[in-house]
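Hello,

Here is the structure you asked about. I went through the aromatic rings, and my notes follow below.

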Amino acid sequence: MEKKKGGFTGSLGFVLSAAGSAVGVGNIWRFPYLAAQDGGGLFILVYLVLVLTFGFTLLTTDIALGRRTQKNALEAFGSIRPKWGFLGKLTFLVPALIMTYYTVIGGWITKYITVYMTGQGAAATQDGFFTSFISSPVSSVVFMLVFLAVTALVVFFGVEKGIERFSKVVMPGLLVLIIGVGAYTIMQSHTAADGTVRTGLDGLAVYLIPNFEGLTFGRFMKILLDAMSQLFFSLSVSMGIMITYGSYVDKDVNLSRSIGHIELFDTLVALLAGAMIVPAVYIFSGTEGMSSGPSLMFVSLPKVFQGMGPVGGIIALAFFIMLGFAAITSSVSILETLVANCMNIFKTSRKKMCLIIGGISAVAATVICMGYNVFYFELTLPNGSSAQLLDVVDYVSNSFLMPLISFLTCIFVGWVIKPKWIEEEMVASGHKFSRKGLYSFMIRFVAPVIMAILFFQSLGLVK
Ligand code: PHE
């Protein structure tokens, strides 16, 4: 059978590849640290509601736009209404920004892979290990470059062969490990220096049970913005990536069902990762330790692995390798989008574009790495958290740009081309669009209002 270049083989191939893009460090590194920072249960509750409403709406929009237009994000909007072409260009900014710091985190994971490969697991449990690594100007850049090189190689040889092969093995394996390590953590307990005993089960309760005590409007809004930014990031929506993926999907694939599977899988991995990491942080550092932000996973997990005895090192190695794969499948999807779009703009070959963008990314990511040493600063973001360069870029792309893009997309789909345009694509394969009513209500009324509020909040204008 003739296949178009970059196309997916059938519905399973599509779901796995989209899940490969969606499931990444967002689920395992970003979700747990936000949940911990925002006090656990309430964040989870808000996030779940958002996935079922906004996540579904945005994912459906992106994928259907891509499949119906058969174009990537840069051209999709303009091909429907030339006046809206600017929106495609705007979405392009997001993967460009994310690419600059995703490889930095990929580098951190690569570092931990080598730590466990060389049997230095005990050193990683020391206070200050992680901080001294990211603040060393050379080694954090070297590991980032290794991760970036692997990503670029996969893209260099084309999306289909690259992504599909990875996703099928990695995703289930990662899930099994997360469940195993999580179950182990929950059964642990630790006696702190002051004699208090904290158990994993207490930690799980903090993670899952919403605590409404002392909740103010401002705090609720912060949780909402955090959860929404996480949703965008985690599902890879509103940044053109899922539009590109949509354009690769065969016409006979049941989109409605595939979208449900992607949402479910992505959320499940995030929830389980949180259930593994948050109790671990709680055991070793109590609720105060929960606000530590981006370093959370890298600081708390080594202690759990250490507590497992001799097998801990092997499990840790397996964990970081699988996490590395999950991160690669995501970073591949980001680079792939950048390359595919630039190939169109500059009319050059994939290989050449891949080298150029890889080079630019390397420079940009080096600057981000330096945000922890040469350019170190502490900035207070409009949402109150203290940020370094990486957090600032993350904030601009996920908290500021994405609500803006989603707002414009909702206006475009809900009021310009009308939800029917998307609905037609959803049923084009002869399958039912089961959440049709919810979709059109969300895209026309709920989503634009909330996105506008969040956009203003990200600027610090709504308190
Ligand atoms: N969704 C990916 C994750 O959760 C990250 C990602 C962001 C991938 C943007 C593609 C685009 O890690």
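The count comes to 34 aromatic pairs. Keep in mind that this is a predicted model. A pair of aromatic rings is described by the distance of the centres and the angle of the planes. Two pairs are worth a look.

Start with Y102 and F233. Their ring centres are 6.1 Å apart. Their planes meet at 35°, which falls between the 30 and 60 degree cut-offs, so the pair is tilted. This pair links distant parts of the chain. Y102 sits in helix α5, residues 85–117. F233 sits in helix α11, residues 217–235.

Next, Y112 and F129. Here the ring centres are 6.0 Å apart. The planes stand at 90°, over the 60 degree cut-off, so this pair is edge-to-face. Y112 belongs to helix α5, and F129 to helix α7 (residues 129–134), so the contact ties together parts that are 17 residues apart in sequence. Y112 is buried, and F129 is buried as well.

Y112 and F129 also belong to a cluster linked by ring pairs.

Which rings have an arginine over the face? F56 is one, with R435 at 4.0 Å from the ring centre. W415 is another, with R444 at 4.1 Å from the ring centre.

Best wishes

Terms used. Residues are numbered from 1 along each chain as its sequence is written. This is a predicted model: local features need pLDDT of at least 70, side-chain atom pairs count only at pLDDT 80 or more; totals for chains, interfaces and linings use all residues. Side-chain values use heavy atoms; hydrogens and water are left out. Rings of Phe, Tyr and Trp (its six-membered ring) pair if their centres lie within 6.5 Å; planes under 30 degrees apart count as stacked, over 60 as edge-to-face and the rest as tilted. Helices (H or I, at least four residues) and strands (E, at least two) are DSSP runs, numbered from the N terminus. Buried means under 20% relative accessible area, exposed over 50%, partly exposed in between (1.4 Å probe, protein chains only). A charge sits over a ring if NZ of Lys or CZ of Arg is within 6 Å of the ring centre and within 35 degrees of the ring normal.
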